[in-house]
Structures are given as structure tokens and as C-alpha cells.
Amino acid sequence: MANLAPWLLPCLQQVQALKQTKSLSHALLVTGADGVGQEELAREMVKDLICESDQASACGHCHSCQLMSADTHPDFRVLDGEESSIKVDQVRLLVRQMSQKPQVGQNKVVLITHAQAMNINAANAVLKALEEPSERTYFVLTSSQSTSLLPTIRSRCLLVNVPMPNLDQVKAWLGQQVNGEELSSLFWLTTQPFRLVSIQRQGKTLLYSELPNKLIEMLQGRAAPEGILKGLDSGNIEDYCNGLAAILHQCICHSAGATLDSALQVIYPLLINRFGISSLMLRYQALQKLKSDLQKTNLNPIMQLTHELNQW
Ligand SMILES: [Zn+2]
């Protein structure tokens, strides 16, 4: 808990207070925008719930806390829908495993992150488990699109809404992370703190931070589109699309009065002079379409993005 981002702390304390008064719902749904830290918050909640002590937050010393920190607690199960959808067989297996008595402490905990990735059968299986809860079993769900969950699941959960931190909070928090300062150069892309950290962990900071200047070179005729896309491959093409779309989006918003990030000060007049606002929106839409087509098309995505940039 010591390292928990400050905007997550009130949410955690709210749940801890309910735990201590033994009035906590057996199902929790942590919601909020992508990248604000729902998963990090949910994992702290899980630690508190599985701890064997009577105190509000995890003691860190009991057998359960030690097993949790070793990631080997037998009464804790997790399903993550970030990469692929969550299927009914996965939920059924998990519910079966959790129907036994706790092997170690008093509570069992199921964590389902990115719960919007449950398909309808999986969601119904979770709903059934929530309607007929096993004793001392907690479900903790996270979702950035909680309205797409079954209303009957939502209504059975205590909703914990993570607020969007303001820019000062994000800057202060990034300053405490390893090499976090460099991430403030990507505020034109996103100010969602955990998304920024995830980009850094994936080694993609440079890919994004170089993009505005490479684009300037292209728009000034000093580089070809192929120059911008040097290093592009099927593993990072979505990042290029995201980066280019974010630049266009910022410029479109700025033309409507929003503040422009300092990293885009030079690029804005170049883009506006070349396209005007309506063509800028068309290019933005084309990039979004290209991104959504990446999964379903047989065409070479790298050729498609090069073709797109040739129209800039
Ligand atoms: Zn403990």
C-alpha cells in the first residue's frame, strides 16, 4: 500500500473501512478510465481480503500475506481479459475451484480484470456465482467499460469508481517512478499514468517521443514517409497508428480552443496549413479505421500505413 498512487488511496480506504466493520459486499466492481490504476487498486484490495489478520489492510506477515507476495496463494484465482476474451470454461473451472473450503486462511478471492472481455456465457456464469455466493468468497472485478457488463452483474457489486487524477498528480507520481520524468514528454499522447508506465515497460517511449519530430521532417519535405516508419513492424503498427492519431486529435482539439502540448507547437501550423481542419478530421478517421482493420484485413498493414502517410 505504501506505493499506491495517491488518487487510489481513498478508494482503498473506503473498502478497508467496510471490511473492518464486516459489512463488505462479497462482490466489488472497480471502474474508471483505462490507465488510471484499477488493476493496481484491485490487487491491493485482494491482498487485504485474503490476509488472515483482523486489521483493515494486509498485515504483510501472516501465512496468507506471504503466499500472496510469492504469488502462490491457493485460495486466490485471477482471470485477465486484457489480451483475449474470457470464456465460460475458464469461469466454470474457477468457480469449481473456489467452491472448496479455503485451504489456508479464511477467505477466497477471485480477481477478474478487464471484465468487459467476458463473453456472454462467461458473464452469465459469473452472475450465477454472484447470485449463489460460496461462503467467504469475494469477487473483485475491474473494468474501464463497466456499462458494457450485464446490468445484473453491476447491481450485485459494490461499485468503486477510480477518479481521473489531475495533471499535477500525474506529474508528481511519475516523478517518483524510475525514469518517470521522461514520460511527461508524452502528455500529448496520454495523461493516463499507468498507460504511460506500460509504454515505458514495453520499451516504446522512444518510438512515441520521436514521432512528432519525425512527422515535422516529413511535412517539411526533409524525409519520406518510409523514414518515419523506420522500425515499423506488425508488433508496433498499432503504436504508430495511436501516436499519429493522437497528434491529429490534439491539433483538432487545439483548433477548437484546447491547450496544445508543447511537443506539438511546431507541428500544429504545418498540419493546419496543409490540410485545414476538415481534411485533418478525415485523416484522423482514416487512421482510426486502419487501426480497427488491422486485425481483420489480409492486406499488408505496413503498406497501408505507408499509403496513408503518402496522402499527408
Ligand atoms: Zn496478513
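**Notebook: His73, the sheet and two helix pairs**

I started at His73, which lies in the loop between α3 (63–69) and β2. Helices here are DSSP runs of H or I with at least four residues, strands are runs of E with at least two, and both are numbered from the N terminus. I noted that this is a predicted model, in which local features need pLDDT of at least 70, side-chain atom pairs count only at pLDDT 80 or more, and totals for chains, interfaces and linings use all residues. Residues are numbered from 1 along each chain as its sequence is written.

**Entry 1: His73**

Is His73 buried or exposed? I found His73 buried, because 23 other C-beta atoms lie within 10 Å. A residue is buried with 20 or more other C-beta atoms within 10 Å of its own, exposed with 12 or fewer, and partly exposed in between, with C-beta atoms placed from the backbone. Leaving aside neighbours within four places in sequence, I listed the contacts of His73 as Ile50, Ser64, Leu67, Met68 and Val104. Contact means that the C-beta atoms, placed from the backbone, lie within 7 Å. I also looked up the C-alpha atoms of His73 and Ile50: they are separated by 9.0 Å, and the two residues are 23 apart along the chain.

**Entry 2: the whole chain**

I counted 13 helices and five strands in the chain. Of its 312 residues, 35% count as buried. The C-alpha atoms fill a box of roughly 70 × 40 × 35 Å, taken along the principal axes. Among contacts between residues at least 6 apart in sequence, 70% join residues at least 24 apart.

**Entry 3: the sheet**

In what order do the five strands stand? I read β2-β3-β4-β1-β5, an open sheet with parallel pairing. Two strands pair if DSSP finds at least two bridges between them. The edge strands, each pairing on one side only, are β2 (76–80) and β5 (158–161). From one strand to the next the twist averages 15°. Angles run from 0 to 180 degrees between N-to-C directions, and axes are lines fitted to C-alpha atoms, for helices over the stretch in contact.

I then looked at β3 (residues 108–113) and β4 (residues 137–143), which run parallel and are joined by five bridges. Lys108 stands opposite Thr137 in β4. Helix α4 (residues 88–98) packs on the sheet and touches β2, β3 and β4. The direction of α4 makes about 170° with that of β2.

**Entry 4: α9 and α11**

Helix α9 (residues 205–219) packs with α11 at an angle of about 55°, their axes 10 Å apart. That angle makes α9 oblique to α11. Under 35 degrees counts as roughly parallel, over 145 as roughly antiparallel, 65 to 115 as roughly perpendicular, and the rest as oblique. From α9, the contact uses Leu207, Tyr208, Leu211, Pro212 and Leu215; from α11, Asp239, Gly243 and Ile247. I sorted these residues into six nonpolar, one polar and one charged. Nonpolar covers Ala, Val, Leu, Ile, Met, Phe, Trp, Tyr, Cys and Pro, charged covers Asp, Glu, Lys and Arg, and the others, Gly among them, are polar.

**Entry 5: α11 and α13**

Last, I took α11 (residues 237–255) with α13 (residues 301–310), which pack at about 20° with axes 11 Å apart. Therefore α11 is roughly parallel to α13. Ile237, Tyr240 and Cys241 of α11 meet Pro301, Ile302 and Leu305 of α13.

Methods:
Two residues are in contact if their C-beta atoms, placed from the backbone, lie within 7 Å.
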